[in-house]
Amino acid sequence: MKSCVKIGCGAGFWGDTPEGPLQLVRAGNIDYLVLDYLAEITMSILARMKAKKPELGYATDFVTAVMRPLAREIRDKSIRVVTNAGGVNLAACRAALQQVFEAEGVALKVATVEGDDLLPQADALRARGIVEMFSGRPMPERSQSINAYLGALPIAAALDGGADIVLTGRCVDSALVLGPLMHEFGWSVDDYDRLSAGSLAGHLLECGAQVTGGVFTDWRDVEGWDRMGFPIAECRPDGAFDITKPAGTGGLVDVRTVAEQAAYEVGDPRAYILPDVSCDWSSIRLDQVGPDRVRVSGARGRAPTTSYKVSATHPDGFRATGTMMIAGREAVAKAEAVGRAILARAERLMRGAGHDGFSETSVEVLGGEWNYGAHSRARAAREVVLKVAVRHPKREALEIFAREIYPAATAMAQGITGFAGGRPESQPVVRLFSFLVDKADVPVCIEVDGARRPVAIPVPPAPAHVAPAATLVEAVPLAGPRAEVPLIALAHGRSGDKGDIANIAILARRAEFVPILRRSLSPEAVGAYLSHVAGGAIEVFEWPGLDGFNILLHEGLGGGGIASLRHDPQGKALAQILLDMPVTVPAAWIAPGGPLAEWSVDTAPGAAA
């Protein structure tokens, strides 16, 4: 058994820079290269590609931009590669890899993990009365993709079988890292604390440069965006690990950057459910142990559930989006009026042509701080971009909308310009449908050296139990003089998405700020501040180990993914918006010598008052 296994993540999404894997292979001194290509909606895109061309349906960048230039070095350095680049066409991806290896004169053994594709079972699943796990909607009549989120065990089995390259379809992102750790350290399927720790390592790596200073709240502290370092986890048999990056690269690894990624899209930190383990990360510990090096420990785990989460995608009509710039006094008001007029005109003409009205519409004034709702400070902006988006069951109806946008240039407000992109083209709307399926109903297998063999997935006898959260610190009474500061003075954070659920993580800059955050971040307070986007229930989970809170806005993304008409369909800006919320603090905190002496509700350190 090795005393340390070094795993680097060279891609956080399909389209990430090929410099990531090149950097890690040449300068990372890694044992494993993992690459995460599959977002939830990517599966539908790959399925459509495969339907048009049977030789497609996988992340082609992996073959052309990673393995073709690096195959020899990967072989010479004995680096093993684990990736979900197989998408919905593992066989085609493997065949393309073999062509590259033959051309480069290298011999690398490729294994595939199979079983996630449940599309052939669509009719049977529908007949069983499957419903969506969040909304309770019935399963749609047509599906473009249906994929179960598999775990790490089959990846470990493929590595046990001698694979140099492991290709998977849909699996949980963290499994790409947990699988190698199970293989290297011999962790058993019921060693839940270590499985949870390995999953946390995978969770921190899975988004690439996000953990090494990318999209970090305190962005001025990060240098070298043009040469960002990609993350490495140096893992030990007891489950503890260090997060770092190659020397001489840009970015930043400190407890804040790691904390933001740890909280990213997790929801309840006591119950992050994965196929191999139910994770409790509520008491994890982050320690700065050197420059660009953070030690992570304290993950706990319980038995997993008896189900896999399954993500299906299905068509839901068409969408079109048009944009234009509007300048001059009252630009925001003019843009809002133009947007309303365009929609009214297009819908009137659509109905005249025998079509129904729009299924959904969206008008956003970018530069007018639409995403801040009633808290916008940009009503006097003199230059904005109007974005008008619509959805309709029929493509032909949207052709009328596309035709009727640009007559606004001569018929509506003065100052309209920026039509260089031409008429908008309608695009299919793809909606996510998530549900659970028993693990026993999903046969999983691996193929190594042309031989296929099943992988037995253990199923626990009963679902794991999660104890109710305990309040660790009482909220302090705010007696005496008070002051207001923006939330960002007390905290940093990050936001993301899971379908139509927005996840906003807010992390205290000091432990003494936690009681104030608890008071300020109630579901009612968050709902009031984000009322213009919050459509459903709001949950707030405290995260003691990170001195933070994870907030879920159900139905908070207008459908999420490419089903949403919003300019920010994944909620990436929501943390920044919430961090501007005014928070009441003791007045002594902003007095000279106080912890927030440089802050007031309208200023930031270094900014003019």
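Three bridges connect strand β10 (residues 278–280) with β13, and the two strands run antiparallel. Within this pairing, Asp280 has Arg300 of β13 as its bridge partner. The structure described here is a predicted model, and in it β10 and β13 belong to an open sheet of three strands, with antiparallel pairing and the order β9-β10-β13. The edges of this sheet are formed by β9 (272–273) and β13 (300–302), each of which pairs on one side only. Helix α8 (residues 192–205) lies across β9, β10 and β13, and runs at about 115° to β13.

Strand β2 (residues 32–35) pairs with β3 in the parallel sense over four bridges, and here Val34 stands opposite Val82 of β3. Strand β6 (residues 165–168) likewise pairs with β3 in the parallel sense, over three bridges, with Thr83 standing opposite Leu167 of β6.

The loop that leads from α3 (60–76) to β3 contains Ser78, a residue that has a positive phi of about 55° although it is not a glycine. Most residues other than glycine have a negative phi. Ser78 is exposed, with a relative accessible area of 59%. A positive phi, near 60°, is also found for Glu265, again a residue other than glycine, which lies in the loop between α9 (255–263) and β9. Glu265, however, has a relative accessible area of 12% and is therefore buried, the limit for this class being under 20%.

Helix α7 (residues 175–185) is largely enclosed by the rest of the structure, because ten of its eleven residues are buried. The buried residues include Ala175, Leu176, Val177 and Leu178, as well as Glu184 and Phe185. Just after α7, Gly186 takes a positive phi of about 70°.

Seven aromatic pairs were counted in the model. One of them joins Phe185 and Trp187 in a tilted arrangement, with 5.5 Å from centre to centre and 40° between the planes. Both partners are buried, Phe185 at 4% relative accessibility and Trp187 at 8%. The rings of Phe513 and Trp589 also form a tilted pair, their centres lying 5.2 Å apart and their planes at 45°. This second pair links distant parts of the chain, 76 residues apart, since Phe513 is placed in the loop between β23 (501–508) and α13 (514–520) and Trp589 in the segment after β26 (582–586). Phe513 and Trp589 are both buried.

Across the whole structure, 36 salt bridges were found. Among them, the side chains of Asp76 and Arg75 meet with an N to O distance of 3.0 Å; Asp76 counts as exposed at 53% relative accessibility, whereas Arg75 counts as partly exposed at 30%. The salt bridge between Arg256 and Asp221 has an N to O distance of 2.9 Å. This pair links distant parts of the chain, 35 residues apart, with Arg256 in helix α9 and Asp221 in the loop between α8 and β7 (232–235). Arg256 is partly exposed at 23% relative accessibility, and Asp221 is partly exposed at 40%. Arg256 and Asp221 also belong to a network of salt bridges in which they are linked with Asp218, Asp254 and Arg509.

A further salt bridge joins Arg518 to Glu542, with the closest N and O atoms 2.6 Å apart. Here too the pair links distant parts of the chain, Arg518 lying in helix α13 and Glu542 in strand β24 (residues 538–543), 24 residues apart. Arg518 counts as buried at 18% relative accessibility, while Glu542, at 23%, counts as partly exposed.

Conventions. Residues are numbered from 1 along each chain as its sequence is written. This is a predicted model: local features need pLDDT of at least 70, side-chain atom pairs count only at pLDDT 80 or more; totals for chains, interfaces and linings use all residues. Side-chain values use heavy atoms; hydrogens and water are left out. Rings of Phe, Tyr and Trp (its six-membered ring) pair if their centres lie within 6.5 Å; planes under 30 degrees apart count as stacked, over 60 as edge-to-face and the rest as tilted. Buried means under 20% relative accessible area, exposed over 50%, partly exposed in between (1.4 Å probe, protein chains only). Two strands pair if DSSP finds at least two bridges between them. Contact means heavy atoms within 4.5 Å. Axes are lines fitted to C-alpha atoms, for helices over the stretch in contact, and angles run from 0 to 180 degrees between N-to-C directions. A salt bridge is a side-chain nitrogen of Lys or Arg within 4 Å of a carboxyl oxygen of Asp or Glu.
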